Amino acid sequence: MNKNSTKVWTMAAASLFVGAVLLILTGPVSAHKKNHSSSDIQAFDDAYMDVVKMGDALFHGGGPQKELGVTLTKTGMACAMCHPFASDVHPHQFPKFQEQMSEVAGLREMINWCIEKPNEGVKIGIDSEAMIALEAYIMWSHKGTVIDPGTH
Amino acid sequence: MGKVHPDRLEMHKVLGGKKQKPDNTVSISRRTFLHKSIISGGVVGAATYGWWPLINTVDIAHAASNIRFAWVSDTHLYPKTLNTRFVDKAERAFKEIEAMKPDFMIFGGDLAQKGDPEELILGEQMLRAVTVPKHFIPGEHDWYLDMGKLWEKKFGGSPWSKDIKGVHFVGLNTVGQAPDYWSAKKMTPTERMGHMEALDGSVAGPWAGLGQEQLEWLDSDLRSVKKNTPIVLFTHNPLYEYYPPWNFWVRDWREVHEIVKPYSNVTNVHGHTHQVLYNEIGGMRSIGMLATSWPWPYAPEGVPKMTVPHVRVDPGDPFDGVGWSEIEYTSQKGIDTEYKMWDRDVFAKATVDAGTGDNTGLTLRSRVVDKIWQY
């Protein structure tokens, strides 16, 4: 990882930390107890976009994999090599019957299947930071696509 | 990006009208063969059989005699220490071609994944398994680490043209003319290559194109060719506008079509898209070839209506959805293109099995990370 990307990820980590502090101070206790200011909305959006950006980087074979303790691939392949713009993921169709697993699966299970099979990586925690980031990026990429669950 | 932008996909309006079609002696037929698909997994145990099209056959009446050649592209080799999956598949293709002994083989670019010397040298060594004459055009993955220096040293320069048995073959370089996206940002060669490596990246911009100098060369090269001579243009990228965000085009396609307009029998054979594609614009037909490495999904828009899409592939099977192509010219039948897709049948019969229908209607956004100024 070069200096610039390290800087970007340090800033991202710092933003996430600030977001977490904000959440502790103003979140669970006072959520929706008063009208949101524009700076509240901006802070929410910033926190969300930081996760999306991390997911984008992870999806394209970069990002803080080492820091997160994840191995998304051992073949050099990245998610985006089969899914440019996260296309062909079809997040709007999950949960659905997934032929590879012979069961109705959610998007996160499918992400793990891809990590383990084509990428030959190590599957990640279903609620892990990396998983949420990947999901966030995939969903962000499809904003505006009509939800169509169960479709093969 | 959900709908086709009327200005961006203007080719059918400009060039696809009733004024001009490929040579009227050309006909397209599709051979069929028995398709066997077993649905597995324990829950559904059933077998379906049907006659599905396998081979696109394009008949061109003017070919003087028989020529058979093989196309391989998009091997995307990594060093063997990292990944032998792509090496295995390229080896299989080269072995099959050597057994076939065609008149020649064309390698259509993207031999390497990161343009690394180790990858290009590995490819060079593997290509020794093919003893028939070999011709080369580069892909972007071969080029942007050292701006094509090692590629050209190993595999020669382009453009080039050759007349073989009455057919005029042209090899073009559609990758080496990217606008300079690296100097102002002081990118290292690895960073420059990294942006080129991501198909859906936006930093490298509309990098695919012939450029003015090569357009002038093409114009001049074709001037000595009779208007009804069969012409085959080998390119890495398609010579029409399919999906610019992934450089499934050349940015100067209008100029290319203007140059080939007087010629009635032009075929563009291209790689880069890693999928079955067929299109006709004006007097030129384009045939998209398989990769040996992995298949790209069909783009959410712009797939030519004349394309019979290939079947949705199994991501758990590295040999599915990939392969190479055998192309044969005969004086009786013209061009036969046969996709040698491994492990599966080629074409989809129903929308549900086709990547095209599957991806239509998606609303997709370009990468967010590209918008972060890191330099």
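**Figure 1. Chain A and its buried share.** Of the 152 residues in chain A, 31% are buried (at least 20 other C-beta atoms within 10 Å of the residue's own; exposed means 12 or fewer, partly exposed anything in between, with C-beta atoms placed from the backbone). This is a predicted model, in which local features need pLDDT of at least 70, side-chain atom pairs count only at pLDDT 80 or more, and totals for chains, interfaces and linings use all residues. Residues are numbered from 1 along each chain as its sequence is written, while chains are lettered from A and ligands numbered from 1 in the order in which they are written. Chain A holds six helices and two strands (DSSP runs numbered from the N terminus: H or I of at least four residues for helices, E of at least two for strands). Along the sequence, their pattern is α-α-α-α-β-β-α-α. Among contacts (C-beta atoms, placed from the backbone, within 7 Å) in chain A between residues at least 6 apart in sequence, 62% join residues at least 24 apart.

Figure 2. A cis peptide bond leads from A:F94 to A:P95, with omega near -10 degrees. With 15 other C-beta atoms within 10 Å, A:E120 is partly exposed. For context, most residues other than glycine have a negative phi, and most peptide bonds are trans.

**Figure 3. The contact between chain A and chain B.** Chain B brings 32 residues to the contact, and chain A brings 30 residues. On the side of chain B that touches chain A, there are 18 nonpolar, ten polar and four charged residues (nonpolar: Ala, Val, Leu, Ile, Met, Phe, Trp, Tyr, Cys and Pro; charged: Asp, Glu, Lys and Arg; polar: the others, Gly among them).

Figure 4. Chain B has nine helices and 13 strands, and 50% of its 375 residues count as buried. Strand β9 (residues 266-270) of chain B runs parallel to β11(B), joined by five bridges (strands pair when DSSP finds at least two bridges between them). Here B:V269 has B:I287 as its bridge partner. β10 (residues 277-281) of chain B pairs with β11(B) in the antiparallel sense, also over five bridges, with B:E280 opposite B:R285. The two strands β10(B) and β11(B) form a hairpin with two residues between them, and B:G282 in the turn has a positive phi of about 55 degrees.

**Figure 5. The buried side of helix α3 (residues 117-127) in chain B.** B:E119, B:L120, B:L122 and B:G123 are buried here. They lie on the same side of α3(B) because they cover an arc of only 160 degrees around the axis (taken from the directions from the helix axis to the C-beta atoms). The buried residues of α3(B) pack against α4 (140-143) and α5 (149-155) of chain B.

**Figure 6. Two loops of chain B, at B:P159 and B:N247.** The peptide bond from B:S158 to B:P159 is cis, its omega near 15 degrees. B:P159 sits in the loop between α5 and β6 (160-164) of chain B. B:N247, in the loop between β8 (231-235) and α8 (253-260) of chain B, has a positive phi near 50 degrees. B:N247 is buried, with 28 other C-beta atoms within 10 Å.

Definitions and conventions: Two residues are in contact if their C-beta atoms, placed from the backbone, lie within 7 Å.
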